[in-house]
Amino acid sequence: MAKKKLLIENDYDFFLFGISCPEKSYRLCFALNNKLKAAFSKSKDMEVQEKNQGVQLKFPVFAFRNDEMFTDYRVIVNKTENKFLVPEFKQADYLLMVQGSMPYSDKNLILKKIKEIAFVQTAFEIDPQKIKSKENFIF
């Protein structure tokens, strides 16, 4: 009898922004709440199994759901215990993940508003398709 393999392709249909900011996560979320008219609050930590070591890493997450636009926003701390969620972007202290029916044109507005925050050093868009560690974003 022939063996059959099931190939599963994950959907990476979200926007991802890197944010360089020396402030604590709660301060960044407070500023994002004011700039984006959001209501970020502490959510369940993202748990990632470290490859080849069996260690479970926990990355703090702050979440907000816009019910009118059916859009989920997550601020994820990129570094914990000297390990990175997205090691290709070590300069990003935080990652903003936007999932849902947000119009493509709004991403530039979000990026602009993030850069307006006084203590944000820089913010940039990350293409989820091009990062090696994109499996970490599958919930």
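This is a short talk on the packing inside one predicted model.

Some ground rules. Residues count from 1 along each chain as its sequence is written. Because the model is predicted, local features need pLDDT of at least 70 and side-chain atom pairs count only at pLDDT 80 or more, while totals for chains, interfaces and linings use all residues, and side-chain values use heavy atoms, with hydrogens and water left out.

Let's start with the core. A nonpolar core here is a set of buried Ala, Val, Leu, Ile, Met, Phe, Trp, Tyr and Cys residues joined through side-chain atoms within 4.5 Å. Buried means under 20% relative accessible area; exposed means over 50%; partly exposed is in between, with a 1.4 Å probe and protein chains only. The largest nonpolar core has 27 residues. Leu28, Phe40, Val75 and Leu96 have the most contacts inside it. At least two residues each come from β1, α1, β5, β6, β9 and α2. Another core lies apart from it, of 16 residues, with Val48, Leu85, Ala92 and Ile131 among them.

Now Phe40. Phe40 counts as buried because its relative accessibility is 8%. Leaving out residues up to four places away in sequence, Phe40 touches Cys29, Leu32, Asn33, Phe62, Ala63, Phe64, Tyr73, Arg74, Val75 and Leu96. Contact means heavy atoms within 4.5 Å.

On to the rings. The whole structure holds 3 aromatic pairs. Rings of Phe, Tyr and Trp (its six-membered ring) pair if their centres lie within 6.5 Å; planes under 30 degrees apart are stacked, over 60 edge-to-face, the rest tilted. Phe40 and Phe64 make a tilted pair, 6.0 Å centre to centre, with 55 degrees between the planes. That pair links distant parts of the chain, 24 residues apart: Phe40 sits in the loop between α1 and β2 (41-42), Phe64 in strand β5 (residues 61-66). Phe64 is buried too, at 16% relative accessibility. With Tyr73, Phe40 and Phe64 form one aromatic cluster.

Next, helix α2, residues 106-115. Lys107, Ile110, Leu111 and Ile114 are buried there. Asn108 and Lys112 are exposed, on the face turned away from the buried side. What covers the buried residues includes β1 (14-20), α1 (25-36), β6 (71-77), β9 (94-100) and β10 (122-126).

Two last residues. Thr80 is in strand β7 (residues 79-80). Thr80 counts as buried, at 14% relative accessibility. A polar atom of the Thr80 side chain lies 3.3 Å from the backbone oxygen of Lys58. Beyond its neighbours within four places in sequence, Thr80 is in contact with Leu57, Lys58 and Phe59.

Is Phe70 buried or exposed? Exposed, with a relative accessible area of 56%. Phe70 lies in the loop between β5 and β6. Phe70 touches Arg65, Gln99, Gly100 and Ser101, not counting residues up to four places away in sequence.

Methods. Helix = DSSP H or I, 4+ residues; strand = E, 2+ residues; numbered from the N terminus. Polar contact = N/O pair within 3.5 Å; in protein donor to acceptor, adjacent residues only side chain to side chain.
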